[in-house]
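Biologist: I want to learn how to read a model like this one. Can we go through it feature by feature?

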Amino acid sequence: MDVQDDCIIIGAGPAGLTAAIYLARFHLSIRLFDCGSSRAALIPRTHNHAGYPGGIKGTDLLALMLEQAESFGARREMAEVTAIMPIDDGFEVQVEGATFRARSVLLATGVVNNRPDMPCEEHDDALASGLLRYCPICDGYEVTDKRVGVIGTGDHGMREALFLRGFTSDITLIAPGAAHDLDAACRAKLDAAGIAHVDGPCRPIQIRDGRIVVTTPSGELDFASIYPALGSKIRSGLAVAAGARASEDGCLEVDAHQRTTVPGLFAAGDVVKGLDQISNAMGQAGVAATSIRNLLDEQQSIRR
Ligand SMILES: Cc1cc2nc3c(=O)[nH]c(=O)nc-3n(C[C@H](O)[C@H](O)[C@H](O)COP(=O)(O)OP(=O)(O)OC[C@H]3O[C@@H](n4cnc5c(N)ncnc54)[C@H](O)[C@@H]3O)c2cc1C
């Protein structure tokens, strides 16, 4: 408990690992805690992350980043952080019964996608084979001119379906519950774009002969890929409990230096409001790490 690190990083996804590389290379003392549930680990192969012609598997990218962070002395500790408490000269961070102190904290805990109603194993198989996809920005290109289903409704479902319209003209928006919750304006936009809308409930969702098949009250529909547009849970609870301000949906508010509204508490990646992409997580983490270094230097001159 006497030892006070310069920074505790919570989360070892693309944001947390980038920050670990930067902070370790600034000769700062850091701890990096992780639960092993990075969204990046779910990526079968990313094709939009720059620098990898031919793409790279999410788990391979994470392994390379960890190796790089470790080469500068960072160490990932597999443990869940359960609380962050601001104290006079920094923070106390609770980790599975132990308490650690740090002069600053970086939250890089990401988000968790809400999943459609299907058995876990079938879900993971569909994800691995591209029958199920979560990120049109990332992989809309891969469904160009294919038959695509979007499970969702309301404004959010409509926006996802319209975004995908830039890749294919064959799109069906399926309500996850019973009837669609689409107002007249939403319906008009979908109709103008030629996007079909079908009431739910949509279950079961099954893999059949290399296609993904959804059963709805109006019959079975089969697709090359389905995108769930069911929102996500933002893992910002630790920061919010420490006093940080978040948007209504739970995304942390930060300034241009990735500072939350709690002094010394920074945030980067999907947990922050903005584009949920690896490149953005890495960019924000670079900014956060440099801001942390400069803050600590202002408070107490660091190594010269
Ligand atoms: C199927 C899929 C495909 C995608 N494809 C692409 C793509 O092609 N290109 C692209 O740019 N983006 C893609 N993304 C998005 C990308 O994965 C995310 O934007 C990126 O992983 C965000 O990084 P992050 O570090 O903010 O969060 P994450 O990668 O989610 O990492 C957060 C980490 O924090 C840890 N954590 C959470 N809470 C705690 C706690 N209390 N204590 C300790 N550790 C904790 C978690 O275990 C996790 O390891 C895809 C996402 C999905 C789901």
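Biologist: How many positive and negative side chains does the chain have, and how far apart do the centres of the two sets lie?

Modeller: Lys and Arg count as positive, Asp and Glu as negative; His and the chain ends are not counted. A charge is placed at NZ of Lys, CZ of Arg, CG of Asp or CD of Glu. Here the chain has 28 positive and 39 negative side chains, with the two centres 4 Å apart. This is a predicted model: local features need pLDDT of at least 70, side-chain atom pairs count only at pLDDT 80 or more, and totals for chains, interfaces and linings use all residues. Residues are numbered from 1 along each chain as its sequence is written, and side-chain values use heavy atoms, leaving out hydrogens and water.

Biologist: What share of the residues is buried?

Modeller: Buried means under 20% relative accessible area, exposed over 50%, partly exposed in between (1.4 Å probe, protein chains only). In this chain, 48% of the 304 residues are buried.

Biologist: Is T109 buried or exposed?

Modeller: T109 is buried, because its relative accessible area is 15%. T109 sits in the loop between β6 (98-107) and β7 (111-113). Strands are DSSP runs of E, at least two residues, numbered from the N terminus.

Biologist: Which residues does T109 touch?

Modeller: Contact means heavy atoms within 4.5 Å. Leaving aside residues up to four places away in sequence, T109 touches I10, R235 and V271. A polar atom of the T109 side chain lies 2.5 Å from the backbone oxygen of R235.

Terms used
Helices (H or I, at least four residues) and strands (E, at least two) are DSSP runs, numbered from the N terminus. A polar contact is a pair of N or O atoms within 3.5 Å; within protein, one must be able to donate a hydrogen and the other to accept it, and residues adjacent in sequence count only if both atoms are side-chain atoms.
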